[in-house]
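Please read the following points alongside the model. They take up the cavity search and then the arrangement of the domains.

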Amino acid sequence: DFLCISLVNGFTQLRYNLGDKTVILQTLQKVHANGNTWHSINAGRVGNEGYLDLDGINVTQKASPGMNALDTHTDFFVGGVSSLNLVNPTAIENEPTAFTGCIREIFINNRELKLTVTDPKGGANIGDCDGTDCGYTVCKNNGTCQVQNPGFSCSCPREWTGTTCEQSIHCSQNMCGSHALCIPQPSSFSYTCVCALGWTGKYCNNKINFYIAKFVGNSYIKYTDPFYGKRDLQYSRLSLNFTTNQTEGLIAWMGKSENEGNDFLAIGLANGTLKVVINLGERISVPLMHSKYFTCSVGRWHFITVVQNQTCIKVYLDEELILFEDIDPQRKYTALNYGGICYFGGFEIGRKVNTVTTGLFQKEFIGKIKDVVLFQDSKKIQLMKAEGYNVYDGNSGN
């Protein structure tokens, strides 16, 4: 399997093969090969339906019967490859040659690849395209870069300040403590402090301890499983108690959530019913929906357990078996390679649930979570020991 973008006789081509046939899309217009015109390419596939967009002019390839998952387990190459004989003969039209020119701003599944000296895994014969200390997007938030001797300086738009226009003017005089992030509120010409896990108060200066975590909608906890290396990933288990009065929300996401290829097990609410989604490596998420309308009553705790036995999934709600399904009788993928990462309530600040989950869940969780247990561990997870923001003490009240 492969996916390849290349230049052919002045045209841009997208070629991909999901295991059965090579699909070829070519732009309608040629690129300007004058060395000073930037072009924007947007290319990809949904299942086996492809699209290729050059500077806003789109070409598509309609879906046809056949394979619809891209199984690639190699490095991602930009501009060339370490050895030209690695290139599949059907991935390009002519003999493979490396790219000559400049490339900036690469996004794979909404995640930016940082084209720096240190971030890539490797490379060779790469130079600075701009040739100055300004480079591309050195000045954030539409700031303008001027070359200085030495270095550079940024001229910032009205709402931004700092050496690279990275700081909102609303946060320039903030009083948030060291355990907080300053979030600008331009509409009110002010800011709010978002507290790290274990801290509270207007400026996040008050230390707290809790065993019930309260989520308010822009909260998250990211827990790293210290025993991941010893787990039998063909027999996973996640259980927790939760309470909410909402009809939408991501309760838990067991997986790295970095790209569409990551395995995951997810629990949440959708349209007022309980929804569990599993991906064991097929790149196809299998949603399991509880058939009954889920009554979300304030103060009522619910106990949920999801058990994965290879491809057989069991879901218990309040100790009643509500879902039991074999998501792949062929047993092609049987292990939940979740990377030792579990999210609760949402994802990192700035990462929206509906974007990260590609629409499987619509919103961050509002409610409380307690008594989280992984696998058959004798001890509950200490949520306080994890990473997170905007999580409150849920011990008091309901």
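1. The lining of the largest cavity is made up of 4 nonpolar, 2 polar and 2 charged residues, where Ala, Val, Leu, Ile, Met, Phe, Trp, Tyr, Cys and Pro count as nonpolar, Asp, Glu, Lys and Arg as charged, and the others, Gly among them, as polar. The residues concerned are Y16, L18, D20, K21, V23, N48, S64 and M67, each having an atom within 4 Å of a cavity point.

2. This is a predicted model, in which local features need pLDDT of at least 70 and side-chain atom pairs pLDDT 80 or more, while totals for chains, interfaces and linings use all residues. Residues are numbered from 1 along each chain as its sequence is written, and side-chain values use heavy atoms, without hydrogens and water.

3. The search of the whole structure returns 1 cavity of 30 Å³ or more, a cavity being a set of points on a 1 Å grid over the protein atoms alone where a 1.4 Å probe fits but cannot get out. The volume of the largest cavity is about 30 Å³, taken as the space filled by probe spheres set on the points.

4. An automatic or database assignment gives domain 1 (2-113), domain 2 (180-208) and domain 3 (214-393). The C-alpha centres of domain 1 and domain 3 lie 34 Å apart, and the contact (heavy atoms within 4.5 Å) draws 10 residues from domain 1 and 10 residues from domain 3.

5. Between domain 1 and domain 3 about 650 Å² is buried, with 38% from carbon and sulfur atoms; this is accessible area (1.4 Å probe) lost on being put together, summed over both parts. On the domain 1 side, D71, N109 and R111 lose the most area to domain 3, together 54% of what that side buries.

Note on methods: 1 Å grid on protein atoms, 1.4 Å probe; cavity = no way out; pocket = protein on both sides within 12 Å on 5 of 7 lines; lining within 4 Å. Buried area = accessible area lost by both parts, 1.4 Å probe.
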